[in-house]
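Let's take a friendly walk through a protein model, stopping at a few spots along the way. Have a look at the structure first, and then read on.

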Amino acid sequence: MSAAASEHGQTWTRSVTTSGPMVALIGLMALLCARLLPDITGKPLHEDEAVAGLISARPLGDLLHTVVLDRGGAPLHFLLAHVALSIDTTPETLRWLSLVFALATVPVCYDLTRRLAGRSAGLIAAALTATSQLLLVYGTFGRMYSLFAFASALAADLFVRALERPQRRAVLAAAAAALLPLTVHPFGAFLFGAEAAVALWLWRGRTLREALPVLGLTVLALPLLLADLRLSDRYAPEAGQNLDSGTSAGAATLHALGGAAGGRGALLAVFVLLAAAGIFAVVRRRPAVAAFAALTIAVPPVVLAAASAAGMAGDRLGPRHLIFMLPLWIALVAIGATQLGAMLPPKARVAALVAIVAAAALAPNAVSEPRTIPTGAEGAVAAPAAWLATQLGPGDVLYPYSPVFFAALPAAKEARAYSREPVALARAVKRTGATQAVFISIPLREPFNGNGLRRLGIRFQAFPSWLILESRGPFANGTAALESAAKLLKVATPLVTEPNAHAYAEQIRGTACVALVRLRSAC
């Protein structure tokens, strides 16, 4: 009986050891999902989401041309969004896509940390990921950021596995995964570069022949890096107001790390100490991984600060762009917390680890919610989107990308939306054929008096939160359509007296003029 009881006890212990982390992960993912679900329909639409949605709804060939050649940058999120929108052409679809990758990031961060410091550290990392401010904000934001976090976590996890077991299959999987962040965001180059630097250091002294399969895979990074170079001249100074301002590289990094885990202020300092303890622990056991983590977190702010000082970087840097740091930062914090816990008695250890996770969950906000503009709310866009659905025809031009055009899907998928970045705008205009009409959207914060526009015979439709200007053609090409839009804005802008709306109209007219000059046309 005692032998049977002992065997039963061992079986139960193995079962708990095996299934316990799985149950905990499911619970943490459910917690994150419950916190994110209300935001799918509850948050106003944002212009950045409109960019992704209106581009992704286009035919595949046009999508790739717009992303890679007109705009420059990484195509994977647009391709996934294209597939999702082919199933359900509504703005919420992009947010569901982000939710999926936010949830998937939790178990991958667990596995990454488990490889470095065991299951307990892995579960702490999973809990920190599930309560991360970055994922709580961008886990339903219809852009690439949660996908970027997931791809970065997967790349780091497989790289650590390849360092553990440097066998051919593991190394090839790590090399392929290293390309994923590059296909999602240009800053994936930082993670790719950190992996490459560590791999080259470890590979020194070996024959080139052994590395050829990996080198063959990494060559695929070149076209992705070249596409990212198209971003370098895409932005121009905006007139009237800065609608998407950024921050310095150092500040953005602190907000990104605090948004991953730690918040800001004194609490972030505590989490920095935990991460420092974590990296010291990793240095002793896995120096290559420590070097990889240090390069991933420390190099980007230095490079970005230098690029900004040299005038080679835009002014829109924010914590969301550095979300690729999240998996490794959380892993280091979790390992540091585990090291601290190992110094305490069992009951105190559990209390300390719970307190760390609770502190992260309740930390002061390091990341602000971008979806606060009321003109993107459902009540603000519903009426103008319904009107647009009755007016839009195939090939019509929408200028610029905006929540109200995004809300007009699926009708808007047949139209061509234009950017309010002059370089990308000029590239798109150059390949636009004949079109019948141009629709221009201007967000309003006050009711608009349209008597002046009516006296001038300007076609428009005014709603409480949006003014839609309309220029009817036909227009022989994109340049003619943009010239008409610029002329219409020149006449209409002085009649838009509400300050923010006036500044916005001035800005998009200025962008149109800069693009027309690039196209050797008058404004």
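This is a predicted model, and our first stop is on its surface. There, Val-219, Leu-222 and Leu-225 form a nonpolar patch, with about 250 Å² of accessible area together. You can find Val-219 in the loop between helix H11 (208-218) and helix H12 (221-229). Its relative accessibility is 47%, so Val-219 counts as partly exposed.

Next, the cysteines. How many disulfides does a search of the whole structure find? The search finds one. This disulfide joins Cys-513 to Cys-523, with 1.7 Å from S to S. The two partners are 10 residues apart: Cys-513 lies in helix H23, while Cys-523 belongs to the segment after H23.

Is Cys-513 buried or exposed? Cys-513 has a relative accessibility of 14%, so it counts as buried, because buried means under 20%. Cys-523, at 42%, counts as partly exposed.

Cys-33 is in no disulfide, and the nearest cysteine sulfur to it, that of Cys-109, is 17 Å away. Cys-109 is in no disulfide either, and Cys-109 is buried.

Helix H23 (residues 499-518) also holds Thr-511. Leaving out residues up to four places away in sequence, Thr-511 touches Tyr-399, Arg-420, Glu-421, Pro-422 and Leu-425. With a relative accessibility of 5%, Thr-511 counts as buried.

Here are the accessibility values side by side.

| Residue | Relative accessibility | Class |
|---|---|---|
| Val-219 | 47% | partly exposed |
| Thr-511 | 5% | buried |
| Cys-513 | 14% | buried |
| Cys-523 | 42% | partly exposed |
| Cys-109 | 0% | buried |

Note on methods:
Residues numbered from 1 in each chain as written. Predicted model: local features only at pLDDT ≥ 70, side-chain atom pairs only at ≥ 80, totals over all residues. Heavy atoms only, no water. Patch = residues over 30% accessible without salt bridge, like charges linked within 9 Å, V, L, I, M, F, W, Y side chains within 5 Å. Areas by Shrake-Rupley, 256 points an atom, 1.4 Å probe, with all protein chains shown as cover. Salt bridge = Lys/Arg side-chain N within 4 Å of Asp/Glu carboxyl O. Helix = DSSP H or I, 4+ residues; strand = E, 2+ residues; numbered from the N terminus. Buried < 20%, exposed > 50% of the residue type's maximum accessible area, 1.4 Å probe, protein only. Contact = heavy atoms within 4.5 Å. Disulfide = S-S within 2.5 Å.
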